[in-house]
Amino acid sequence: MSQRVIVVGAGPVGLMLAGELKLGGADVIVYEKLAAPSGESRGLGFTRRTAEVLDQRGLLEKLGEFRWGRQGHFGGVRVDFDRVADRHYGVMGLAQSRTEELLGAWVEGLGVTVRRGCQVVNLRQDEESVTVVFEGPDGRDEDTASYLVGCDGGKSTVRGLAGIEFSVQPATRGIFLADVVGVELPMNPIGRHVDGGGMILSVNLGPGVSRIVVHEPDVPPHHGEQEPTFQEVADAWKRMTGDSIHHGDATWMAALTNAQGQAEQYRSGRVLLAGDAAHDHAPLAAQGVSTGLQDAVNLGWKLAAVVSGRAPEGLLDTYHAERHPVGQRLLRDTLAASLLYLSGAEMEPLRAVMRELAGLPAGARHLAGLVSGVDIRYEMGGGPQAVHPALGLRLSPDRRITVDGIVRRSAELLHRARGVLIAAEGTAYTADGWADRVDTVRGTWAADEDDDKPGALQLPDAVLVRPDGYVAWTSPDGGELEAALMRWFGTPAA
Ligand SMILES: Cc1cc2nc3c(=O)[nH]c(=O)nc-3n(C[C@H](O)[C@H](O)[C@H](O)COP(=O)(O)OP(=O)(O)OC[C@H]3O[C@@H](n4cnc5c(N)ncnc54)[C@H](O)[C@@H]3O)c2cc1C
């Protein structure tokens with residue numbers, strides 16, 4: 001089998017995946033229809049878990065200036081992150097174009113080829129390979145690889161060409177978004193309900209620029225693909241707030257709905273989907289970029305291991321098994337959040353109940369986990385003895401380990417996108433047969449400021465961490481180490 005993988009789409013997800021594949025040793029090429037990045041601001045940050053995923057690859061520190069959002073919300077219901085163990089706050093006020101720039105520079109540095117101005121128009125696959133047909137600057141051409149991943153957005157061409165069903169829930173609400181200049185606006189980052197059922201939101205994007213969101217009750221979701229006019233957006237803002245922004249202008253605008261959909265399968269033979277191509281939804285919970293980047297980090301090391309012949313093909317099936325339920329929950333939560341956010345007074349009793357629940361420790365913990373993504377748990381398949389509470393959860397990148405007298409963050413140990421066996425000094429656990437894929441680190445866990453908070457996880461003597469940061473085995477109570485190594489990293493080297 002060739003080690004070649006084709007990625008379609010150089011949005012944030014395609015770029016992240018390309019980098020992960022390259023780190024895993026695959027030969028990767030990206031085809032992107034746009035001649036240059038769109039530069040659209042779109043997503044304005046990402047969740048805690050996604051920040052952690054970037055941290056694991058040493059990318060967070062390269063993002064430049066951003067701020068952490070200490071307060072979260074679920075459909076406008078505040079969630080106090082400081083009350084719960086673990087750090088749930090996400091990255092705020094960072095235009096998606098900046099995240100894409102960072103990822104673009106990263107993959108370039110890794111030596112990935114991104115062929116811009118190449119629109120994929122057809123594909124075919126057989127037992128051995130997949131071939132993509134594209135229209136490029138020099139006309140129509142083809143390329144062949146072992147696998148192809150469609151990261152080509154919500155209207156994914158790849159999804160249609162691979163015959164993957166997409167179940168859609170139709171829109172019931174619509175919103176305008178605009179990046180407005182030339183107007184001073186009071187900041188309202190969580191949003192405010194307007195008498196009669198509207199909702200408005202405004203966030204500062206930098207000197208002189210504000211992102212606004214307007215929802216009007218009883219206005220049917222905006223039709224079609226067309227960008228709204230600034231007059232339409234400003235009229236809606238005036239109707240909802242009484243204030244005129246007509247003297248300003250917008251650098252970017254969009255009309256969106258709460259329609260959503262999900263691919264029924266994330267894999268069809270040699271074709272896989274990630275990001276919006278796999279799950280498309282309203283940006284009301286600000287989770288699109290985040291979930292897509294995590295798809296990429298879940299898939300990259302597995303696909304690289306399969307094409308490099310280090311792991312059996314069955315490893316790829318865990319991608320759908322792990323990420324499809326995450327996408328399903330994302331759609332459920334986004335719909336729930338959109339109804340809480342964009343409904344009138346009839347929703348107020350339910351909002352009040354949600355506020356009460358968010359005020360209870362267990363409620364705050366549950367909602368914080370949903371919003372931040374740090375509660376995602378995968379089935380690690382270690383059998384009935386595998387019962388440790390850390391199994392299947394991510395290892396926080398902030399956990400510190402003292403190794404040879406030097407304190408290291410666990411994030412650093414994952415920079416190379418390899419597995420890591422972290423074992424206490426004096427224990428005999430080893431991953432020697434897998435040394436080409438798994439690093440062994442001996443050290444001592446340092447105390448963490450969250451250790452005494454309710455719900456804090458006590459770390460075991462030894463953990464096996466997958467390249468995506470999830471705990472695959474623990475000692476005690478994690479099952480057999482060798483079985484876990486075989487399951488996630490294939491047979492040991494001769
Ligand atoms: C108006 C708007 C506002 C948003 N706001 C937020 C927000 O606040 N927070 C948030 O988290 N998310 C937000 N999102 C969602 C977020 O932008 C997406 O979830 C994210 O861009 C998904 O990344 P992706 O890489 O999967 O797809 P995309 O970013 O859509 O990238 C797909 C890429 O594939 C390319 N492509 C498509 N078809 C082909 C083809 N046939 N051949 C070659 N290339 C192709 C496209 O040109 C594009 O570059 C918003 C989205 C929109 C539209």
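Mentor: A residue is called buried when its relative accessible area is under 20%, exposed when over 50%, and partly exposed in between (1.4 Å probe, protein chains only). The model is a predicted one, in which local features need pLDDT of at least 70, side-chain atom pairs count only at pLDDT 80 or more, and totals for chains, interfaces and linings use all residues. Residues are numbered from 1 along each chain as its sequence is written, and side-chain values use heavy atoms, with hydrogens and water left out.

Trainee: What percentage of the residues of the protein count as buried?

Mentor: A contact here means heavy atoms within 4.5 Å. Among contacts between residues at least 6 apart in sequence, 67% join residues at least 24 apart. Of the 494 residues, the percentage that count as buried is 54%.

Trainee: Which residues of H2 are buried?

Mentor: Helix H2 covers residues 48-56 and is mostly covered, with nine of its nine residues buried. Gly58, which follows H2, has a positive phi near 75°. The buried residues of H2 are Arg48, Arg49, Thr50, Ala51, Glu52, Val53, Leu54, Asp55 and Gln56.

Trainee: How far apart are the end C-alpha atoms of helix H3?

Mentor: The expected span of a helix is 1.5 Å times one less than its number of residues. Helix H3 (residues 96-110) has 15 residues and should therefore span 21 Å. The value in the model agrees, since the end C-alpha atoms of H3 are separated by 21 Å.

Trainee: Which elements do the buried residues of H3 pack against?

Mentor: The buried residues of H3 include Leu102, Leu103, Trp106 and Val107. An α-helix has 3.6 residues a turn, so residues three or four places apart point the same way. After the helix comes Gly111, with a positive phi near 90°. The buried residues of H3 pack against helix H1 (12-23), strand E3 (45-46), helix H2 (48-56), strand E8 (113-116) and helix H6 (288-307).

Trainee: Which residues does Gln294 touch, not counting residues up to four places away in sequence?

Mentor: Gln294 lies in helix H6. Its relative accessible area is 7%, so Gln294 is buried. With residues up to four places away in sequence left out, Gln294 touches Thr47, Arg49, Thr50, Val53, Arg323, Ile376 and Tyr470.

Trainee: What distance separates the C-alpha atoms of Asp448 and Asp398?

Mentor: Asp448 belongs to the loop between strand E26 (438-445) and strand E27 (462-465), and at 14% relative accessibility it counts as buried. Not counting residues up to four places away in sequence, Asp448 touches Arg87, Asp398 and Arg399. Asp448 and Asp398 are 50 residues apart along the chain, and their C-alpha atoms are separated by 8.5 Å.

Trainee: Is Ser129 buried or exposed?

Mentor: Ser129 is found in the loop between strand E9 (119-125) and strand E10 (130-136). Not counting residues up to four places away in sequence, Ser129 touches Arg124, Thr144, Ala145, Ser146 and Arg270. Its relative accessible area is 18%, so Ser129 is buried.

Trainee: What is the omega of the peptide bond from Ser475 to Pro476?

Mentor: Most residues other than glycine have a negative phi, and most peptide bonds are trans. Pro476 lies in the loop between strand E28 (471-475) and helix H10 (481-489). The bond from Ser475 to Pro476 is cis, with omega near 5°.

Trainee: What is the phi of Asp477?

Mentor: Asp477 is placed in the loop between E28 and H10. With a relative accessible area of 41%, Asp477 is partly exposed. Its phi is positive in a residue other than glycine, near 65°.

How values were computed. Helix = DSSP H or I, 4+ residues; strand = E, 2+ residues; numbered from the N terminus.
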